Amino acid sequence: MKGDRVEIMIDAGGEGTRTYEVLASRAGRRVEVATRRGVVEVSEVTRTGNAVRTARFMASRVLALVEYPSADAADPDEAE
């Protein structure tokens, strides 16, 4: 959903830490996170499931991964 975003903080070795951000930039897109074989993959995906942009990081270097859902997402507790 437009507005979804994920922040990834990685250990950059001697340079300290670096922060990257992947966000769903258009309506109908979402951000998905997958961990496979020691690699963390964050992708912006269309409605049909095609990856538009992908960021890959070594899992051993990832310090933090924070997912921010879009503000438009309905809270199930508020529906009552």
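**Terms and values**

Modeller: Glu7 is partly exposed, at a relative accessible area of 24%. The model is a predicted one.

Biologist: Why is Glu7 called partly exposed rather than buried or exposed?

Modeller: Buried requires under 20% and exposed requires over 50%. Glu7 has 24%, so it falls in between and counts as partly exposed. Arg5 is at 27%, so partly exposed applies to Arg5 as well.

Biologist: What makes Arg5 and Glu7 a salt bridge?

Modeller: The cut-off is 4 Å between a side-chain nitrogen of Lys or Arg and a carboxyl oxygen of Asp or Glu. The closest N and O atoms of Arg5 and Glu7 are 2.9 Å apart, so the pair qualifies. The side chains of Glu7 and Arg5 also make a polar contact, at 2.9 Å, for which the limit is 3.5 Å.

Biologist: Where is Glu7, and which residues does it touch beyond its neighbours within four places in sequence?

Modeller: Glu7 is in strand S1. Its contacts beyond those neighbours are Thr19, Tyr20, Glu21, Ala64, Leu65, Val66 and Tyr68. Glu7 and Tyr20 are separated by 13 residues in sequence, and their C-alpha atoms by 5.7 Å in space.

Biologist: How do you know that S1 and S6 are paired?

Modeller: Pairing takes at least two bridges. Six bridges join S1 (residues 5–11) to S6, so the two strands count as paired, and they run antiparallel. Within this pairing Val6 is opposite Glu67 of S6.

Biologist: Which strands make up the open sheet, and in what order?

Modeller: The order is S2-S1-S6, with antiparallel pairing. S2 (17–23) and S6 (62–68) are at the edges: each has a single partner strand, so one side of each lacks a neighbour in the sheet. From one strand to the next the twist averages 15°.

Biologist: How do Glu44 and Arg53 stand against the cut-offs?

Modeller: The closest N and O atoms of Glu44 and Arg53 are 2.7 Å apart, within the 4 Å limit, so they form a salt bridge. Glu44 is at 0% relative accessibility and is therefore buried. Arg53, at 43%, is partly exposed. Elsewhere, salt bridges with shared partners join Arg5, Glu7 and Glu21 into one network. A search of the whole structure finds nine salt bridges.

Biologist: Why is S4 called mostly covered, and which strands pair with it?

Modeller: Six of the seven residues of S4 are buried, that is, under 20%, so S4 is described as mostly covered. Seven bridges join S3 (residues 30–36) to S4, and seven join S4 to S5. S3 and S4 run antiparallel, as do S4 and S5. Val33 has Val42 in S4 as its bridge partner, and Val40 has Phe57 in S5.

Biologist: What is in the turns of the two hairpins?

Modeller: Two residues separate S3 from S4, and Arg37 in that turn has a positive phi of about 45°. Five residues separate S4 from S5, and Gly49 in that turn has a positive phi of about 95°.

Terms used: Residues are numbered from 1 along each chain as its sequence is written. This is a predicted model: local features need pLDDT of at least 70, side-chain atom pairs count only at pLDDT 80 or more; totals for chains, interfaces and linings use all residues. Side-chain values use heavy atoms; hydrogens and water are left out. Axes are lines fitted to C-alpha atoms, for helices over the stretch in contact, and angles run from 0 to 180 degrees between N-to-C directions. Buried means under 20% relative accessible area, exposed over 50%, partly exposed in between (1.4 Å probe, protein chains only). Contact means heavy atoms within 4.5 Å. A polar contact is a pair of N or O atoms within 3.5 Å; within protein, one must be able to donate a hydrogen and the other to accept it, and residues adjacent in sequence count only if both atoms are side-chain atoms.
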